[in-house]
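Me: Got a model open here. Can you walk me through the packing?
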Amino acid sequence: MGLKTRILASAALILGMTQISAVPTHLTVELKAGSKYSFLLADKPVITFSSGDLVVNGESETSYSIEGVKNFHFTEGDLSATENLPKEAIRIISIDDATIKVENIGKESVVTLVNVSGALVSSKKADSEGTATIALPQSKGVYILTAAGKSFKIIKK
C-alpha cells in the first residue's frame with residue numbers, strides 16, 4: 001500500500017471517528033404510535049418509573065404509559081413532532097402548577113377556563129402581543145381552556 005493510500009485511509013478513519021464521537025443533546029422518547037418527544041439534556045431531565053408509566057421530569061413533568069413506549073434514547077437534536085408547528089400556532093405553556101400562558105391568540109382575545117360542568121373558573125383578556133396568562137384553580141380536575149375559537153382540555157393533577 002502506497003503512502004497516498006495510507007494517508008487517505010487514515011483521513012477516512014479520523015473522519016469516521018469524529019462522527020462516532022458526536023455528543024448527544026437531547027433525550028428522545030419514541031412512542032409505538034409514531035410520536036417522538038425530545039427533552040433538552042441541558043435541562044437535566046430525570047427518568048423514573050411509576051405505576052406503569054415512564055415519567056420524565058424536566059421543566060415540567062410528563063408521563064407515558066410503558067405499554068405505549070417503543071424506546072427512549074439520546075439524540076443529537078430535537079426529534080419532537082412539535083418542532084414543525086407553524087409560527088402562528090396557538091401555544092399553551094405550563095409556567096408552573098398554578099399558571100398557564102397562552103400565546104399567539106391575537107391581541108385582546110379572551111381566554112376562558114371552565115370546569116367540566118361548564119361553570120366559568122377564570123377569564124383573561126390577551127395583551128397587545130396576543131398573550132394571556134391565566135391562573136389555574138387549586139383543586140385537581142379537568143378543565144376546558146378556550147382561546148381564539150379553539151378549545152383545549154387541561155388536566156390539573
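Reply: Contact here means heavy atoms within 4.5 Å. This is a predicted model: local features need pLDDT of at least 70, side-chain atom pairs count only at pLDDT 80 or more, and totals for chains, interfaces and linings use all residues. Residues are numbered from 1 along each chain as its sequence is written, and side-chain values use heavy atoms, with hydrogens and water left out.

Me: OK. What does H73 touch, beyond residues up to four places away in sequence?
Reply: H26, L27, T28 and E30.

Me: Which strand is H73 in?
Reply: β6, residues 69–75. Strands are DSSP runs (E, at least two residues), numbered from the N terminus.

Me: Which side chain does H73 join at 3.4 Å?
Reply: E30, through a polar contact. The H73 side chain also makes one with the side chain of N71, at 2.9 Å. A polar contact is a pair of N or O atoms within 3.5 Å; within protein, one must be able to donate a hydrogen and the other to accept it, and residues adjacent in sequence count only if both atoms are side-chain atoms.

Me: Switching topic. Which residues touch the most other members in the largest nonpolar core?
Reply: V102, I105, V111 and L145, out of 14 residues. Such a core is a set of buried Ala, Val, Leu, Ile, Met, Phe, Trp, Tyr and Cys residues joined through side-chain atoms within 4.5 Å.

Me: Which element gives the most to this core?
Reply: β12, with 3 residues.

Note on methods
Buried < 20%, exposed > 50% of the residue type's maximum accessible area, 1.4 Å probe, protein only. Helix = DSSP H or I, 4+ residues; strand = E, 2+ residues; numbered from the N terminus.
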